[in-house]
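Dear colleague,

Please find the sequence and the structure below. My notes on them follow.

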Amino acid sequence: MKLILKFGGTSVSSPQNIRNVANLIKKLSKEHKIIPVFSAISGVTDDLIRVTNLIQNRNKDAANSLAKKIIKMHTDVADQCIQNSKIKKDLMNKMKTDLDEFQDLLHGMLLLGEVTPRSSDYMISFGERLSINLVAFTLNEIGIKAVPLTGKDVGIVTDSHFGGAKPLMDTTRLHVSHTIDDLQQKKIMAIIGGFAGADQHGNITTFGRGGSDYTATIIASSIKADEVWLMSDVDGLMTTDPKIVKNAKLIKEVSYIEAMEMALFGAKYIHPRALEPLVAKKIPLRIRNTFNVDNPGTLVTATPQPDTQKTVKCVSTIRHTGLIDVRGGSMVGAPGTAATIFSILAKEGVNIMMISQSPSESSISIIVKKNDLDKAVNALEMNLLGKIIKKVDVTVDVSIIALIGSGMRGIAGVASKVFTAVAKKGVNVIMIAQGSSELNIAFVVKDSDCNAAVQALHDEFNLGK
């Protein structure tokens, strides 16, 4: 079986964890053709982003200090990973080459005192670039011939949308399949860095946070893999956040479309676009725990087994968002009003997470991320207040709660059960949205009411059983 294994940052967060992962790969490679994909060591991508922010703020000393911390941490882990003196020397030489390039980039950005989207992607791609060195040489020490390859090295070609690149799949399939086939014929295992690729000009691009999942599924589609395993520090997708509801349960099986909805509504263990490359080829995906490999995890597939179907499969939340309510009599019957509002927000780089409009057309309610709230309100007031908009109301700290499950389609009374259960807890619903697919019901409450609403819904639909 051709198997793509993607390991998250916690899986490689210490020398011992790296050795454990290497042993797991060796064990699985006896039965399967394994292509592993790795994230950066836990916390490193955040540190690299902080370095770029410090450069942007011209805080040279703090940027240098944090960069030194990143370099020391990787050299310390490299020293502890390997016992064999020759392999350790080879690893240290490879790390030095990459870390020298990292320092050259840092100094160049500090001299210019600016961070472009292109240089930012280049900088934050180093997390994965360094982690794959550690894994590849650890595998070499236990008898597996392995070579570290970045997304660019393996042949992932993207557009030039830095920070949120999309793969050019036809070109990528040709390059990736050729690279991996060539290595497998030589009995060499490719250890692939996730999160990044390169555009057609050779510039490093990244897929955005959680993008290593996307790398894994791009590789899977390119080589027609039999299955993808996303290995992290959780057993799989849960019926809700176990920090909110103690009796939250593992979901055994979901469809691609349900998993996509869960990703969009805050399931941080799947990149929202990661399932796209799998759907056409119907490649199954499993979400599994590196530290609990006996648990089969959650299976994501085109056609889940009938016994796994439920009306509602999970209650998801997106916390700490902001609600903007735009009102005005001039909006009524005026074509293009919504388009104007959305265009203004798009120009400011504000992503709209949820929309609701009353049939009277006199108001539109919009949910945005909390850190976009001030920017969004200022843009609307500067451009539209006193024209087509008469009033802009803002509610800070609201939460989106979404019930997800393909079993809701065509079932009468689901919405009634939802809002009755929430009302019994004294929770006021501020805004509601449901798509015609009936795959989810989403509504907005004050953040202080979120936990009570989630618990009520989890109990109402017996998700803990």
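The protein chain is divided into domain 1 (2-233) and domain 2 (314-461), with bounds that come from an automatic or database domain assignment. The C-alpha centres of domain 1 and domain 2 lie 38 Å apart.

Please note that this is a predicted model, in which local features need pLDDT of at least 70 and side-chain atom pairs count only at pLDDT 80 or more, while totals for chains, interfaces and linings use all residues. Residues are numbered from 1 along each chain as its sequence is written, and side-chain values use heavy atoms, with hydrogens and water left out.

Helix packing

Two packed helices are described by the angle between their axes and the distance between the axes. Here, axes are lines fitted to C-alpha atoms, for helices over the stretch in contact, and angles run from 0 to 180 degrees between N-to-C directions. Helices (H or I, at least four residues) and strands (E, at least two) are DSSP runs, numbered from the N terminus.

For helix H5 (residues 117-124) and helix H6 (residues 126-141), the axes come within 5 Å and cross at roughly 20°. H5 and H6 are therefore roughly parallel to each other; angles under 35 degrees count as roughly parallel, over 145 as roughly antiparallel, 65 to 115 as roughly perpendicular and the rest as oblique. Tyr122, Met123 and Ile124 of H5 make the contact with Phe126, Gly127, Glu128 and Arg129 of H6, where contact means heavy atoms within 4.5 Å. By class, this contact of H5 with H6 has four nonpolar, one polar and two charged residues. In this scheme Ala, Val, Leu, Ile, Met, Phe, Trp, Tyr, Cys and Pro count as nonpolar, Asp, Glu, Lys and Arg as charged, and the others, Gly among them, as polar.

Helix H8 (169-185) packs with helix H9 (residues 211-223) at an angle of about 80°, their axes being 8 Å apart. H8 and H9 are therefore roughly perpendicular to each other. On the H8 side the contact is made by Met169, Thr172, Arg173, Val176, Ser177 and Ile180, and on the H9 side by Ile218, Ile219, Ser221, Ser222 and Ile223. The classes in the contact of H8 with H9 are six nonpolar, four polar and one charged.

The axes of helix H12 (residues 337-347) and helix H13 (residues 373-384) come within 9 Å and cross at roughly 125°, so H12 and H13 are oblique to each other. Thr340, Ile341, Ile344 and Leu345 of H12 meet Ala376, Ala379, Leu380, Asn383 and Leu384 of H13 in this contact.

Loop residues

Lysine 187 is found in the loop between H8 and strand E5 (189-193). Its phi is near 60°, a positive value in a residue other than glycine. Lysine 187 counts as exposed, at 71% relative accessibility; buried means under 20% relative accessible area, exposed over 50%, and partly exposed in between (1.4 Å probe, protein chains only).

Lysine 282, in the loop between helix H11 (276-279) and strand E10 (285-289), has a positive phi of about 55° although it is not a glycine. With a relative accessible area of 60%, lysine 282 is exposed.

Asparagine 59 lies in the loop between helix H2 (44-56) and helix H3 (60-81) and counts as partly exposed at 34% relative accessibility. From C-alpha to C-alpha, asparagine 59 and aspartate 459 are 50 Å apart in space, and they are 400 residues apart in sequence.

With kind regards
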